[in-house]
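Please find below my comments on the model under review. They are set out as numbered points.

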Amino acid sequence: MTGGAWLCLLAPLGGTSLITLCGTRIPRVAAAWIATTSVFVAFGGAVWAFVSLRSQNGHRGEFTTAWTWLESGNFHAGLQLFVDPLSTVMMLIVSGVGGLIVLYSIGYMDGDDEERRYFAYISFFVFSMLLLVEGGNLLLLLAGWGLVGLSSYLLIGFWHERPSAVEAAKKAFVMNAFGDATMALAFFILIAHTHSLSFVSGFGVGLSPTAVNLVALGLLGGAAAKSAQIPLQTWLPDAMEGPTPVSALIHAATMVTAGVYLIARTHFIFEQARTVELIAAGTGALTLLVAGLIALVQVDIKRVIAYSTMSQIGYMFLGAGVGAYSSGMFHLMTHAFFKALLFMTAGLAIHALAGEQDIRNMRGLGRLMPFTKWCFLAGALALVGIPPFSGFFSKDSIVASTAALGTWYGWIFWVCGIAGAFLTGLYTFRLWFLVFPGEPSPFVREHHHKHHGREGAWTMLVPVGVLAVLATVGGWLQWSPQWHPFSDWLEPAARTLAVAAPTNTQEYYTSVATVLAGLAGIAVAWAIYSERKLAIPAAPFWRRTLEHKFWFDELYDAVFYKPTAAFAAALRREFEEPVVLQTGPDLGRTTLETGGFVRRIQTGLLRTYVLFLAAGAAGVVLAFLIAK
Amino acid sequence: MNASSLTSILIWLPIAGAILIWILPLSRYATGSLALLFSLAEVGFWIEQAARFDFTRSGLQMEERATWFGDLHVSYHVGVYGFSMWLVGLTVVAMAACTGYGFWVGRDRSRAYFGLMLLLTGATVGVFVAQDLLVFYAFFEAMLIPLYVLIGVWGGARRMEATIKFVIYTMAGSLLMLAAIIAYGLKSGTFDLVNGPTSASRWLFLGFMLAFVIKAPLFPFHGWLPDAYREAPPEVSAVLSGVIAKAGLYGMLRIAIAKFPDPTSFYRTAVLALAAAALVYGSLLAFRSTDFRGVVAYSSLAQSGLIALGLFAGTDLGFDGAVLQMVAHGLISTSLFLIAGAVERRTTTGEFRFLGGMARGRPALATLLMTLGVISLAVPGSASFAGEFLILAGVFQRAWWWSAIGAGAIVLAAMYMLRLISAVLHEARGSTVADEALDLRPGELALVVPLVAGLLFLSAWPAGISHHSFFGQSPAASVRSQFK
């Protein structure tokens, strides 16, 4: 079991090292296959760990330590993995979906002259993500957490000659560094009180209420930054500057959902800080609405899907925040399938149109790309949550668990969830109606070209097909009232809170409501966009507000970045240069002037010198002795 | 070979090398080779020392003592503790890389140059192993003399100005330290650091601290730093920020904190405030610097502040983190300055407005600068992250706001380091970056790659240093007991 976990973790790192060390001595395609193989080997390791954990009685999990990573005083943190139901689920998702996306990249990145660097980065990402989910203590989790941020930075800025890509990469890194910092502060509190960051010691138990609330807030800060939840969401849409498979892998399927994993992993702490946990749920509810609204006015195909990702992670935060950890995790899994699928079909479209991403130019693409069209439709239906597609099963149980709370905020969450379903239907099918049905537009006719006589290379079509199947049937793993192997599996690691367990009635009426809301959204989208009457809502104020993404970027620029930069510049201008840097020369000048004056006592008589020397030294020594 | 003579060998071997080079009328190439040979032998002796060091034993190891002035109780007394051994290692490794760099770029007046580099190596090792205050002072001063000459002769256009500033600042600190040393020695009847008593004198503490905060430096005593780091030859800047600055921080640990426990508690908040100010101020100025070396220089100021935070936290985690961070930052800034030198050689400038786009077609340069940059901004999982984490967790136990300030500075570090990386490597090609500008050559790689490999090794096993610097389970207790 632990062997599988180590294999899973180290295979992608081996891939990265091999590609980096070989450099230009191997052909590009070899680098691509090294990366793909290493990630599929990792998937093999994950399956190994999963199967052996399943056969273990009670499957509660097992730690394995390679060596002590950091040690000081009575604090020590091992290079330690934790194989338990929660981490194996994440390992399977990360390496499985990851492997498919890396395979897809072979076709997508074909012809880029820095392919090797891309594949080194992407297997490094998979390694980092696996470190995050397998780490057996919070310190290693934070190490993985930071390294996924680094790989995200590297991959967003992959095309580093584009200034917009470099800016987006820096923005993503700095916002995530902010989240890392709040998490680190939370860890300092834990270390000060319990001397440990390991998952074993029933961590976080016995803290004072204030301390536990602060720890939970710090963790939530990290989770919100990584998962692009309000107020730390602004980096995600810009991150679409990276290659499309990166958007699929990092900014949809795996990394951005890490916040949900964190909440599930540290639920001991969040349950002691129930208020903070509900703040997490509220953050999710707010984000799912705001992101859904912004998605309505985006014209870049990837940005629409990016906002949809934010919105869906909002659902996961909502589920995990109210205490339905397994529902949140289940949605994480189905979302990984259908969102990766949507990004990859979008990638096929972008690829076939020579890099075009503006949906206003894409009308009628379905006629030329039927495979892409049907796969996209499967993903879209799963996203909206129409049965029997996977999203239906996972989204429903999250919304139902808010109903189970039975409190006023529970009902607000419920309404948000239903409204979010409507928005999801609307923005998803806006995209659908604008891009796929109808006669191909002149732009599409002119720019469309086939690769290898198909809609893409086989390395691109196979993963898309597999994910289309998974997006369709992946949800059948669990239908909460009757059939729940997924929740049962996770129960030892993250048991759903009793207050968040819905009754059958709540499940049924919530299902009906979300499906109806989703259908209503689709119907409205059809009414507005099927005839391409208008691509964007007309009300000017709201339209501008949405197009400016509720002015968050402008706000942060004015409140944080500009004052910091101005303060730093002022420090340099007003203090460093005139005061600090001048002190030396001033001292020097004074010294010279004094020297000129004192020169007069240079009499040439040795006895005078010795007298001065002795008197001076004695004086200083005396001063120290007297002053103590 | 007797283990205890290793310490003396580490001091005197490079000094003997320096004298040999000054005496022998060798060609430039032969001089460089000889100097490089000496510095590599030095690394070999250090490895031998580390291998023979007994981490399960407390107290001073590989000790040598010979009476110097018997009636004053001054003796040539040297030896190593765990933490000083790591700093000696940093010194010899960084000096070997920098000497190699000088050889690679072919410094003129080679006999003078390489002799001074070797002399600097020996003196710096002496600072880290001296166990007698007068010996310590002698090496502390001996370390400065080659630096003055190296900056003043081989530096950039404004080198004299930089040298004069450097001399004035360091002299001011050193003289007060000398007075403090004499007063301490007369009062306690010995200059020995191991057997000497602790002192409660606040004035003596301040006398020592002034020398150390100038050398480290901490805000606002860093007036010499920006010019010295910009005007010195790159390999000398590398030594200054990577190694020499650590001598100041080492002095705080070995003398100010260990010998003056009461004044340390009395001035703790004041020193922590200076350290935090250095951290924030350095980070902010690094963020606005317009050239490669300016960013690294101010980030060194910030890192000195961070390390001082760890030392004056006075907690287990703070001490261990500070030692780990001294070594990690030493390797980082040495390599960064050498890369700055490599960039300047190719483009004639370090100004960001003339640079950019160097990543294309230069994979080795891009990979190394990127790796160093992200380790330098303490990406979680790296050696410097481990050091910063321990320091901030340690100072948290003193008061939470120090860690909050530190965490804020970490975000700033991400901002200035990523700015440096993209200004050099990314976006449009800078006006001074010629297409023909080469990637790092094998000679340059041979200097920087070992340092980076060391950092990666420390990233995989930071406990290698953090748990092997002080004897016993509690570094704070070890400091309180004078490392006995």
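**Domains, core and interface**

1. The domain assignment, automatic or from a database, divides chain A into domain 1 (1-197 + 221-258), domain 2 (327-547) and domain 3 (556-627). The centres of domain 1 and domain 3 of chain A, taken over C-alpha atoms, are 51 Å apart.

2. This is a predicted model, in which local features need pLDDT of at least 70 and side-chain atom pairs pLDDT 80 or more, while totals for chains, interfaces and linings use all residues. Residues are numbered from 1 along each chain as written, and chains are lettered from A and ligands numbered from 1 in the order written.

3. The largest nonpolar core holds 426 residues. Such a core joins buried Ala, Val, Leu, Ile, Met, Phe, Trp, Tyr and Cys residues through C-beta atoms within 7 Å; buried means 20 or more other C-beta atoms within 10 Å, C-beta atoms being placed from the backbone. Helix 6 of chain A gives the largest share, 20 residues. Domain 1 and domain 2 of chain A both contribute, so the core lies between them.

4. In chain A, 53 residues are in contact (C-beta atoms within 7 Å) with 63 residues of chain B. Helix 6 (163-194) and helix 24 (552-598) are among the elements of chain A that each supply at least two residues to this side; helices are DSSP runs of H or I, at least four residues, numbered from the N terminus.

5. Helix 3 (residues 85-108) of chain A is mostly covered, with 23 of its 24 residues buried.

Key
A residue is buried if 20 or more other C-beta atoms lie within 10 Å of its own, exposed if 12 or fewer, and partly exposed in between; C-beta atoms are placed from the backbone. Two residues are in contact if their C-beta atoms, placed from the backbone, lie within 7 Å.
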